[in-house]
Amino acid sequence: MFIHGNFNDHRIWEEQMRMFSAHNFVIGYDLRGYGYSDTPRTFFSNVEDLKLLLDALRLPKVNLVGSSMGGSVAIDFTLTYPDRVHRLILAAPSVSGRNYPASMLWQGIKQHFQVKLNGSEKAIETFITNPFWRYYFPASKKENAWLKTIDNVRNTSNFCRFPPNLSRVSKPYAANRLEEIRQSVLIIIGELDHLFNRETAEILHTEIKNSTKIVIQDCGHLPFIEEPETFSSNLAEFLRMETYD
């Protein structure tokens with residue numbers, strides 16, 4: 001089960017889904033407020049949305065692969081419904097309960113204002129050219145990765161469609177419960193990702209007993225886009241090494 005992050009939709013995982021579908025049942029879905037999903041008008045829980053999806057598909061237990069915000073959703077789901085998760089794979093994940101730096105919060109707030117003032121398309125172009133978010137985008141020398149990321153981000157259905165406070169996060173916050181995770185966890189982070197994200201990856205690795213951390217060199221926030229072969233080979237090896245409970 002592949003869970004995308006902010007500014008993306010399920011299509012961001014196309015390469016991984018295509019590869020792993022040869023020998024696995026794979027699913028990529030749009031979080032509420034992204035891609036083809038409805039725009040939230042009331043409070044909701046990404047964790048409960050995922051449970052409803054698994055129930056509807058009659059999937060008792062899955063491997064969760066989450067990117068960035070999707071990693072936070074995967075962690076929260078694992079803590080809430082531990083019997084529904086085999087293994088956890090986290091790509092540059094965030095985690096609930098760890099406060100973002102003020103600069104990052106301010107940039108996020110500005111984006112919502114820019115959507116209201118200038119419309120989504122102009123706000124997206126401002127986001128793409130903003131030096132602060134350089135770590136998010138692959139280097140231009142990685143042309144295919146750059147184009148794929150830009151194509152996903154420029155989908156207005158993925159950009160600031162709803163007030164963030166409508167998404168209710170599970171409590172107690174995951175940052176204070178990481179020692180409860182008993183599943184095997186693989187954490188993959190890019191060498192060039194934002195310092196806050198690299199620190200988060202290290203905190204998760206330290207606090208989660210059965211975890212492995214891999215740093216991919218010359219890579220930013222989306223390692224599965226920038227270095228898909230390296231990412232997928234590490235994921236495949238991790239799953240092969242593990243015996244299901």
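Reader: Start with contacts. Of those between residues at least 6 apart in sequence, what share joins residues at least 24 apart?
Author: In the protein chain, 74% of them do. Keep in mind that this is a predicted model.

Reader: Noted. How many helices and strands?
Author: The chain has 9 helices and 6 strands. Its radius of gyration is 17 Å, close to the 18 Å from the globule rule for 245 residues, so the chain is as compact as a globular protein of that length.

Reader: And what does the C-alpha trace span along its principal axes?
Author: About 50 × 40 × 35 Å.

Reader: What percentage of the residues is buried?
Author: Buried residues account for 51% of the 245. The accessible surface is about 12,100 Å², and carbon and sulfur atoms hold 52% of that.

Reader: Switching to charges. How far apart are the mean positions of the positive and negative ones?
Author: They are 5 Å apart, with 27 positive and 28 negative charges counted.

Reader: Now N152. Where does it lie?
Author: In helix 6, which covers residues 143-153.

Reader: Is N152 buried or exposed, and why?
Author: Buried. Its relative accessibility is 2%, and the cut-off for buried is under 20%.

Reader: Which side chain does the N152 side chain make a polar contact with?
Author: That of N8, at 3.3 Å.

Reader: What else is N152 in contact with, leaving aside neighbours within four places in sequence?
Author: Besides N8, the list has F7, D9, R11, I12 and N158.

Terms used:
Residues are numbered from 1 along each chain as its sequence is written. This is a predicted model: local features need pLDDT of at least 70, side-chain atom pairs count only at pLDDT 80 or more; totals for chains, interfaces and linings use all residues. Side-chain values use heavy atoms; hydrogens and water are left out. Helices (H or I, at least four residues) and strands (E, at least two) are DSSP runs, numbered from the N terminus. The radius of gyration is taken over C-alpha atoms; the globule rule is 2.2 Å times the number of residues to the power 0.38. Buried means under 20% relative accessible area, exposed over 50%, partly exposed in between (1.4 Å probe, protein chains only). Contact means heavy atoms within 4.5 Å. Accessible areas come from the Shrake-Rupley method with a 1.4 Å probe; for residues, only the protein chains shown count as cover. Lys and Arg count as positive and Asp and Glu as negative; His and the chain ends are not counted. The place of a charge is taken as NZ of Lys, CZ of Arg, CG of Asp or CD of Glu. A polar contact is a pair of N or O atoms within 3.5 Å; within protein, one must be able to donate a hydrogen and the other to accept it, and residues adjacent in sequence count only if both atoms are side-chain atoms.
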